[in-house]
Amino acid sequence: MGTKILTSSSHGFENECKEIHDSWGRLNHLVRSLAGRSKLERQQIRETYKAMYGEDMAILLQKMQFQNGSKVCAALYRWMMDTHERDAIVASEAFGQGDVDYKALVEIFVGRKSSHIALIKQAYYARFRRHLDHEIINLEPPHPYQKILVALATSHKAHQEDVSQHIAKCDARRLYEAGEGSSQGAVEEAVVLEILSKRSIPQTKLTLSSYKHIYGHEYTKSLKNAKYKEFEDALKVVMKCMCNPPTYYAKVLYTSIKGTTVDNGALSRVMITRAEVDLYEIRSIFKRKYGMELKDAICERIPSGDYRDFLAAVASTTTIITSHNSVSL
């Protein structure tokens, strides 16, 4: 039987906080109390709990995570954090101890507004005493994703807010001439990186729309040439994340759930970070493409327990959350 998710009207959260405090450590109760909450409700619960007991609930969850190493504690900790703090931790974990999770970094730099990126960088430095941009630049060995991420990071610093149809058409032609219209048999990286570094995400999206209008197909289709190499493969992923986030994230979720082993990092990251952005749409695309509900896929593959209950609750309550407290990063 699945965990019953508690809801609350728009009153204070003193009673809920008292129940959480009195039953602290019982993870199933924490899941029932927190998993179905909107971002605003979570902020209010966190503030109320601190006012009542003098402790930050997110910090308490972090300590619990360190003590028992459970996936549900890690998920609840991130669930209760401010979005820029959470993204700073996601970025740090992406560097890891071995292979870099470039896709997690791409999702941040493609899916966040420049003002939010600035907050992430501040939170990253405050927490880890390192500059996020420098971490990306100094990655070894060099990687195609790294080049693209450096360009995207630059674009967040210097771009213009307004978009231009004229610039979009010009950049679309430049992309064509540097790619499928070139006789070199490979994408001219310098041209692509220059465009990405000098244009905002909305401007680049308009460029890709112009590309389709002018040449009759998506830019990503031109990157499927068998002769193309790692840079083109990385660029294709970045463009898909930029142009059609719900479809991109539906695939990430399916791959993380249905792989040989469950990729819990990607699964919880996407569920938590997209919950109040576009998870409802992701869920719809997931069902259409893969023939099953996202919640059912989670319950089928993840072992019974508090972690599964948390993920299933987030998936099943997205409609309610997004309809009243939609958050766009």
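**View 1. R129 in the loop between helix 8 and helix 9.** R129 sits in the loop that joins helix 8 (114–128) to helix 9; helices are DSSP runs of H or I with at least four residues, numbered from the N terminus. This is a predicted model, in which local features need pLDDT of at least 70 and side-chain atom pairs count only at pLDDT 80 or more, while totals for chains, interfaces and linings use all residues. Residues are numbered from 1 along each chain as its sequence is written, and side-chain values use heavy atoms, with hydrogens and water left out. The phi of R129 is positive, near 55°, in a residue other than glycine. Most residues other than glycine have a negative phi, and most peptide bonds are trans. With a relative accessible area of 59%, R129 is exposed (exposed is over 50%, buried under 20%, partly exposed in between; 1.4 Å probe, protein chains only).

**View 2. The cis peptide bond from E140 to P141.** Omega of the bond from E140 to P141 is near -5°, and the bond is cis. P141 belongs to the loop between helix 9 (132–137) and helix 10 (144–158).

View 3. A salt bridge is a side-chain nitrogen of Lys or Arg within 4 Å of a carboxyl oxygen of Asp or Glu; a search of the whole structure finds 19 of them. D171 pairs with R199, with 2.6 Å between the closest N and O atoms. D171 is in helix 11 (residues 165–177) and R199 is in the loop between helix 12 (189–198) and helix 13 (201–215), so the pair ties together parts that are 28 residues apart in sequence. D171 is buried at a relative accessible area of 2%, whereas R199 is partly exposed at 21%. R174 forms a salt bridge with E194, the closest N and O atoms being 3.0 Å apart. Since R174 lies in helix 11 and E194 in helix 12, this pair ties together parts 20 residues apart in sequence. R174 is partly exposed, at 28% relative accessibility, and E194 is partly exposed at 30%.

**View 4. S200 in the loop between helix 12 and helix 13.** S200 is placed in the loop between helix 12 and helix 13. The relative accessible area of S200 is 3%, so the residue counts as buried. Its C-alpha atom is separated by 6.8 Å from that of H156, a residue 44 places away along the chain.

**View 5. The K258–E300 salt bridge.** The closest N and O atoms of K258 and E300 are 2.6 Å apart, and the two residues form a salt bridge. The pair links distant parts of the chain, with K258 in helix 15 (residues 245–258) and E300 in helix 18 (residues 294–301), 42 residues apart. K258 is partly exposed at 30% relative accessibility, while E300 is exposed at 55%.

View 6. Helix 17 covers residues 279–290. Its 12 residues reach 16 Å from the first C-alpha to the last, close to the 16 Å expected at 1.5 Å a residue (the expected span is 1.5 Å times one less than the number of residues). L279, I282, R283, I285 and F286 are buried in this helix. Down the axis of helix 17, the buried residues fall within an arc of 165°, so they line one face of the helix; the arc is that of the directions from the helix axis to the C-beta atoms. G291 follows helix 17 and has a positive phi, near 75°.

View 7. The structure holds 0 disulfides, a disulfide being a pair of cysteine sulfur atoms within 2.5 Å. The closest cysteine sulfur to that of C243 is in C241, 9.5 Å away, too far for a bond. C299 is in no disulfide, and the nearest cysteine sulfur, in C73, is 20 Å away. C243 is partly exposed at 38% relative accessibility, and C299 is partly exposed at 27%.

**View 8. T48 in helix 3.** T48 is part of helix 3 (residues 39–53). At a relative accessible area of 16%, T48 is buried. Apart from neighbours within four places in sequence, T48 is in contact with F13, E14 and C17, where contact means heavy atoms within 4.5 Å.

Terms used:
Helices (H or I, at least four residues) and strands (E, at least two) are DSSP runs, numbered from the N terminus.
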